[in-house]
Each structure stands twice: as structure tokens, then as C-alpha cells.
Amino acid sequence: MNAPPRTITAHPALPLSRLLNHTADAVQAVRAGQSLNDALARCPTDARPGTQALSFHTLRWLGSALAVRALLAPKAPPPPVDALLLTALALLWPAGEPPYADHALVDQAVAAARQRAPASAAFVNAVLRRFLRERDATVAAARRDPAAAFNHPPWWVEHLQRDWPERWQEVLRADNQRAPMSLRVNARQSDAAGYVLRLAEQGLAARAVGSHGVVLAEPCPVGRLPGFAQGAVSVQDLAAQMAARLLLDGIGGEASARLLPGARVLDACAAPGGKTAHLLECADLDVLALDQDATRLARVTETLARLGLQAQTVAADAGQPQAWWDGRPFDAILLDAPCSASGIVRRHPDVRWLRRASDIAALAATQARLLEALWPLLKPQGRLLYCTCSVFQAEGRHQIDAFLQRHGNAEVALQPGSRGHLLPLADNPSEHRHDAIESPGDGFFYSLIQKRRD
Ligand SMILES: C[S@@+](CC[C@H](N)C(=O)[O-])C[C@H]1O[C@@H](n2cnc3c(N)ncnc32)[C@H](O)[C@@H]1O
């Protein structure tokens, strides 16, 4: 019989053994290098919410589960069995309140093993019951392994230690928290205070953050958000909501620095269109939204249609302007560059297991290539906002320091909070001070750069 879930909400009508098997499939796929989103897309619809909840939990505690499995079964079983074992061990790891009663979880994991790989059921049973018997000692031994203690790959832990000697442990802990669901209210329709009242009428508790940000007390499907289909609101993290204001308000924060209606703006890496839409909600701009991934770019078009906004969209490599640029310079460029996504691990617990240490230098090289290619497209006195959802300095501060060294006609904007890293922590301890961020947003880096007149 299924034990009632305590902190994980799974579908009550589905046998836990079935959810464990779907979760093991997802964990196996991530370990083989596929994204969790792609893996969940293959899960039957009725089992998807429960599988997602269990997969998030397992991936948040995968380092611990791997260390325990290595102690109890040093020779890893075949990947399908290993993934099931790791899922069960992550759910049995003493992380706060356990989601399921121990023995019910083990019974269901053994039932799942019988369906998945019948010959492995006795092995799965033996490992899990031994873990229950020796849990305190095994957990203490496993915690000596940094991957188990911090639930991130060792290279990631070392990288953060180097980049944030004072805060790395907090960042790692924050990565394993659940992120709140944040909304951006469409400024063409309403504001945060007004939308919070609309939510309250639907029985949804929320609070306003700044003029157009809203944080829901509990996540909910977008279909329940009033006016969502009519473009009243979009789902967007609070840190991501800083981009539009930084680009629009410009250098010095003075009225004269604001982008004028009709300004020509390039959103160089636009898909799925969150920041493109935000820019257009705030101002009447002539926006070219570019992305090299045509499938993702289609989502920009859908988003803009839902919100009643318009931009020109082009599928192309931003690093090769000769293929798509008409020669007219831009007043402003937003480069929301491809990155490690190390700032959004709360929402994507698979990211840390998918990345490799060598990815960071490769991504930094791509970011530098895009910066170099786009800088000549900017008018004198124009502004470029560079951002990444990364907490690694190589994709943020170091990237921009090197860019400024290479370009004598580039200067960092003076606007307070225009430059620096944001950490996914409540006090956002780095350079940023911005009223839009008064609760933990994702990890981000922003730098607003102005082109000097030659
Ligand atoms: C961080 S996402 C952008 C998110 C988007 N700005 C938003 O707010 O919704 C980075 C995007 O860059 C795109 N991309 C990666 N390399 C690119 C390139 N060379 N040229 C154009 N787009 C690229 C990816 O397809 C991806 O959609």
C-alpha cells in the first residue's frame, strides 16, 4: 500500500512503484546527458506531475544517493537498476521530513524493480534494507564526500569556492531550495498591486514586488492565473525582470538617458521571449528578436501574440551579422547570452549533473564571440546590456572585464546596480542594489555598457 506523501505531492491514484519507475527513467536519462525537461516530456501525462516532483527531489539529493550507493554497492549495477536504486536512496536520505514512510518506500521500490529488471529485485531489496539498518553510520560516512555533502559535482563546488570564497556554501544550499513562482504583470494592462487583488479574488495568495513583479505563495498552473490567456501576466523570475528596466533606463538613470519610443533594439538571443516581451510591455520599440534555434524562436512569436505585442523575428547566429544585419545600427542591444545556467539550479536541478567543467570555458568563449560580433552594430552613445543566468565569474565579471580591456570605446554604465552578479540569496550580497529584488531571485549577471562617441 502507498504511504501518504509528506512533502512531495504525487498523484494519489497512481501506485508509487509506477512513479518510481518513471522517475528512474528520468534520472537515467539525465545521467546519460539528456535534460530533465526532455525526459519528462516522454512520461505519460497522468504520471508527469508526480514524476516531476520525485525527479526534482532525486536530482537535488543525487550526490548523497551516489555516495551511499558507492558505499553499499561499490560495483554499480546496470544503469536502469542503478537509477531506481539512486531514486529510492535519495528519497530515504534524511533531508528534512522524509517524503514517504521508510518501509513503504522500500516495498514500492522492490515492486518497481520487479517490473523494471526482475532479476534485480532481491539486490535492490538487500541494498535498501541495509541502508535502513545502517542509515546513521552510512550517512555520516557518505557526507565526507563533497559531492554527497553539497549535492553538486566536485568541480562545481571548487569553482564556486574560488568565485565566491565567502558565500559558496550558501549558494550551494540555496540551489537545493524550491524557487517561488514569480510573475511579471503586463504593464500595458495593469500593475502588481492590481493583479495581486485579482489573484486574491481567485483565492490565490501573492505579494507585489516592485511595480510589476508578483510572487505567488504557492505555485499553480498558468491556466489558473486570471487573464493569462489574454496576456495579463507572464511567468518570469524577479532577477530576469531586471533586464528590461536596465536597458530602457540606460546610463545614469536620468530621464534624458531613457530609450525613446521607436528606438531600434536588437534582442540577440531572444528565445523563448521573456525579455523581448518585457521590453515591449514597457515601451514602444522597434525590436529585432534573433535566436539561432528556430524551434525556440517560434515560442517568441507565440508569447508576443498572447501579450498583443510585435517584433521582427529572425532565426540566425547572432555571431554572424553578415548573414542577417541590414546595416542600420542599433540604439540598444540585449545580449542574454547562452550560459551554464548555474544561477537557475533551483528551477532546473538537472543542470549541475549535465554540465562538465570544460563547458564553462567553452561557453565563455561563445559569449566573447557574440560580444565581439555585436559591438560594431551599436550606435555611438548606444548601450549594450550583457547578461547571463550564471553565478560563475567567467561568464560574468571576468567576461566583461576582458571585453572592456579589448575595447577602449566601451564603458560600464554608472547607474547603480547596473553591473554585477546576483546570487540566489535573500540579501543579494554582491554589487546589486535594486528595488525590484527584495526576495531571492535566480542567480544572474548584468552589465550595462555604453559605447563612447568616437
Ligand atoms: C538564456 S537563453 C535566452 C532567454 C531569453 N532572452 C528570454 O528572456 O526568454 C539563450 C538563447 O540563446 C540562443 N543562442 C545560443 N547561441 C546563439 C547564437 N549564436 N545566436 C543566436 N542565438 C543563440 C539559444 O537558442 C537560447 O534560446
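Reader: Which residues does Arg-69 touch, not counting residues up to four places away in sequence?

Author: The model is a predicted one. Arg-69 is found in helix H4, residues 62-72. Leaving out residues up to four places away in sequence, the residues that Arg-69 touches are Pro-74, Ala-76, Pro-77, Asp-82, Leu-85, Leu-86 and Leu-89.

Reader: Is Arg-69 buried or exposed?

Author: A residue counts as buried when its relative accessible area is under 20%. The relative accessible area of Arg-69 is 7%, so Arg-69 is buried.

Reader: Where is Asn-186 found, and what is its relative accessible area?

Author: Asn-186 is found in the loop between strand E1 (182-185) and helix H12 (192-201). Although a loop residue, Asn-186 is buried, and its relative accessible area is 0%.

Reader: Which backbone nitrogen does the side chain of Asn-186 reach?

Author: Not counting residues up to four places away in sequence, Asn-186 touches Gly-231, Ala-232, Val-233, Glu-281 and Leu-307. Its side chain also reaches a backbone nitrogen at 3.0 Å, that of Arg-188.

Reader: Which residues of strand E3 are buried on each side?

Author: In a regular strand, side chains alternate between the two faces of the sheet. Strand E3 covers residues 213-216, and both of its faces are covered. The buried residues are Gly-213 and Val-215 on one side, and Val-214 and Leu-216 on the other.

Reader: How many bridges join strand E2 to E3?

Author: Strand E2 comprises residues 206-209, and E2 and E3 run antiparallel. Within this pairing Arg-207 stands opposite Val-215. The number of bridges joining E2 to E3 is 4.

Reader: Which residue takes a positive phi in the hairpin of E2 and E3?

Author: The hairpin has 3 residues between the strands. The positive phi there is near 65°, and the residue that takes it is Gly-210.

Reader: What is the bridge partner of Arg-184 in E3?

Author: E1 pairs with E3 in the antiparallel sense, over 3 bridges. In E3, the partner of Arg-184 is Gly-213.

Reader: Why is strand E8 largely enclosed by the rest of the structure?

Author: Strand E8 spans residues 330-336. It is largely enclosed by the rest of the structure because, of its 7 residues, the number buried is 6.

Reader: In which sense does E8 pair with E5, and in which sense does E8 run with E9?

Author: Strand E5 (residues 264-267) and E8 are paired over 3 bridges in the parallel sense, with Val-265 opposite Ala-332. E8 is joined to strand E9 (residues 378-388) by 6 bridges, and Asp-336 has Cys-387 in E9 as its bridge partner. E5 and E8 pair in the parallel sense, and E8 and E9 also run parallel.

Reader: Which residues come nearest to the ligand?

Author: By class, the shell around the ligand has 9 nonpolar, 3 polar and 7 charged residues. Of the 19 residues around the ligand, those that come nearest are Asp-291, Arg-296, Asp-317, Ala-318 and Asp-336.

Reader: What percentage of the area that the ligand exposes alone does the protein bury?

Author: An N or O atom in the side chain of Asp-291 is 2.6 Å from an oxygen atom of the ligand. A polar backbone atom of Ala-318 is 2.8 Å from a ligand nitrogen, and a backbone N or O atom of Pro-272 lies 3.4 Å from a ligand oxygen. Taken alone, the ligand exposes 610 Å², and the share of this that the protein buries is 87%.

Reader: Which elements give two or more residues to the shell around the ligand?

Author: The elements in question are helices. They are H14 (274-282) and H17 (357-374).

How values were computed:
Residues numbered from 1 in each chain as written. Predicted model: local features only at pLDDT ≥ 70, side-chain atom pairs only at ≥ 80, totals over all residues. Heavy atoms only, no water. Near = heavy atom within 4 Å. Polar contact = N/O pair within 3.5 Å; in protein donor to acceptor, adjacent residues only side chain to side chain. Areas by Shrake-Rupley, 256 points an atom, 1.4 Å probe, with all protein chains shown as cover. Nonpolar A, V, L, I, M, F, W, Y, C, P; charged D, E, K, R; others polar. Buried < 20%, exposed > 50% of the residue type's maximum accessible area, 1.4 Å probe, protein only. Pairing = 2+ DSSP bridges. Contact = heavy atoms within 4.5 Å.
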